[in-house]
Amino acid sequence: MASHGVARPAISVVRTDEQLHEEQQRIQEYRDLEELIRAKIAEEQYTVEVLDLTSKLLKENPEYYTIWNVRRRLLIYGLFSKSSDSSSPSKASQNTSPTDTTQTSSIPSSASTSTIPADSNTIQHDPISQTRGKTGTTLDLISADLEFLFPIMMKFPKCYWLWNYRLWLLHQANERLDWQIARGLWTRELVLVGKMLVKDSRNFHGWGYRRTVVAQLESQKLHGSSMVESEFEYTTKVIHGDKGLSNFSAWHRRSKLIPKLLEERQADDPTRRQFLDDEFDLIIAAMYTDSYPYAQSAWFYYQFLMTTLTDPVGHATITPNFTSEERIEFLVRQLEVLKDMLDGAEDCKWIYDALIEYTLCLSRMEERQLQIDEKDDCSQWLTELRKLDTLRSGRWVDLELDLRGNNIPGV
Amino acid sequence: MSLVSGPGRAGTTGLPEELRLVIEPHVKYIQSLDSRRDELEYWLTEHLRLNGLYWGLTALHLLGRPDALPRQETIDFVLSCQSDNGGFGAAPGHDAHLLSTCSAIQILVMVNAIDELEKKGKGEGGGKMGVANYIAALQNRDTGTFAGDEWGEEDTRFLYTGLNGLSLLHLMDLVDVDLAVQYIMSCANFDGGYGVSPGAESHSGQIFACLAALSIAKRLDVVNVDKLGRWLSERQVEAGGLNGRPEKLEDVCYSWWVASSLTMIGKLHWIDGSKLTQFILKCQDPENGGIADRPGDMVDVFHTVFGLAGLSLLGHPDLEEVDATYCMPKRIIERVLG
Ligand SMILES: [Zn+2]
């Protein structure tokens, strides 16, 4: 219903009788399959056979969220509990009501109760061997389902329900299996999402999924520890890769990792200062070497670095203890860098935009009015902006008003 | 070339054909959607039936044809999608989900039939309360955000749809609005935008959801208007259309998410409205109606409504005025919310 990038035929296609007939048959088959699944579920037939029926339907239509839910119910009310010779399905279903899952799957915490009926009240077997026996089959079910999903995800990488269901499965592993085994599954996910991001380095779901997987691998529950260093390195790798400079997703992720990174390194003030210097060098070198300074992603990252100097909220991210003199010193240096960058890139509106913004910032930070030469510069840069970027002319009108507020006569 | 005063193609007066809004074909296209039962696609998209009805009905309202779908059938269909837990599924027999539940409320409000919900609604407390309780139970009381359904996936889109539905029912006090606002603030990024959850990349769709939620909560004051306005205005590309994130392709549906967001923060004039209007109009199928994601592509009702809503925000004279927060006709929102 929401199609993207599908070309419209030049003339509307009239279907032949044969095609019509064929389509009716396919509709009938599809609806029969749907009916069959519903009937089986109404009879509470939570069996592998019905699971296979849902697989068949979901391969054709992965957007059918109700059938993914059917699949979840098949597993938690039926197959997971049947997978052990001595467990009772009713017990499992009591413990794993959907509402229960709401809490445990979204916020994986120690509060999530194990649903493996291993408590001695109902089962007299050795609890350890019981869990082990169960682990094998529950793991089989989860692994098989993860594998079933993979080709569908490669085919429909933007289907929300697929990512969603996959995470649910992995949370089930957290609840039902030994932590080492669950950890093994999550570790494989990191490899998998890495591959998907190679295929499409901007996939929104992919980046979100990566964050979730990493958070799990870092969690106490899975005996994890921080992965900030390796994730930071990953963003560096992506940025230096093909079209990396314009990979806003990677820059964004980097911006979120930095505060934690510095904290974990227990970076002192000189180290932080050096870090900021290095990040500026990275982004500016990137602007010079890649497609020159026209990639907006890089400019947004540059903006992020600048907020550590200019914006009280941003200060804390890299250099919380900078004196205002130090911030001003860095800002002045960046203004010089920007002016140099103009040489040969006179048609790059991003530079003019940045120059005006940070010239105004500087005067604010030094608690003074704009100087005459700064006013002249700003008014000239604004003229360039208007010429270069007519789409946003409304913004330049507002910017002019801002500058007027700074008493720039004639701008 | 200016859309309003342009000379048009050689030999014609007024606008070139491709830049004229074709009202009647769009109406016919939307009316035809439910009569396509002989197409497999119709059955494969059943999981969007209720959303589709909301999109189609909203489009018809904006086109000035609010009665183009049979009212009683519409109401009966919507009510037939309600589950015993009070939530609505996408179609009869489909599981309840917040997205379809919000669509159900929006449709019932548009056809002025909340009283029918009062009479026949299911769920705890029945009537309006039944569905409102379903929504309220999906709020995560620790963080303020919302899950989409009983299985627990959380996303700022759900936070928005939750507040949207509850506010239309005048039952916002069932949830912790302050906590929801705090959650949105924790999703803010350095570029001024918002993501799915804290730490997630800014995305125009999520930005719309977060701003609209803040707008419903009357807390747009927490937005970094300047930064966000800049980022959003950079979504416009040379072709005139808007993209959802930096360096992605333009697409009609972002005409809505970006332009409504800019409207909510008072910066719609930071993009070129006339170029955007032209881009959307070029995505029409002028003969058979409907709007596509990009010129020459297949149309669908999703891009049709968001294209029309975008045009409406830009002040297209042939369209009803749309409300930037609810994506419903402004007149109706004023009637319901006063
Ligand atoms: Zn689209």
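Modeller: Happy to! Let's begin with His303(B), which counts as buried at 0% relative accessibility; buried means under 20% relative accessible area, with a 1.4 Å probe and protein chains only. Cys253(B) is buried too, with a relative accessible area of 2%. Both residues are among the protein donors of the zinc ion, which are His4(A) (NE2), Asp251(B) (OD), Asp251(B) (OD), Cys253(B) (SG) and His303(B) (NE2), at 2.1 to 2.5 Å from the ion. Donors here are N, O and S atoms within 2.8 Å of the metal (3.2 Å for Na, K and Ca), and water is not among the atoms, so sites may look incomplete. Cys253(B) sits in helix H12 (residues 252-264) of chain B and His303(B) in helix H14 (residues 301-313) of chain B, so the pair, 50 residues apart, links distant parts of the chain.

A word on the basis: this is a predicted model, where local features need pLDDT of at least 70 and side-chain atom pairs count only at pLDDT 80 or more, while totals for chains, interfaces and linings use all residues. Residues are numbered from 1 along each chain as its sequence is written, and side-chain values use heavy atoms, leaving out hydrogens and water.

Stepping back, chain B has 15 helices and two strands (DSSP runs: helices are H or I of at least four residues, strands E of at least two). Buried residues make up 67% of its 338 residues. Of the contacts in chain B with a separation of 6 or more, 64% join residues 24 or more positions apart; contact means heavy atoms within 4.5 Å.

Definitions and conventions: Chains lettered and ligands numbered in written order. Buried < 20%, exposed > 50% of the residue type's maximum accessible area, 1.4 Å probe, protein only.
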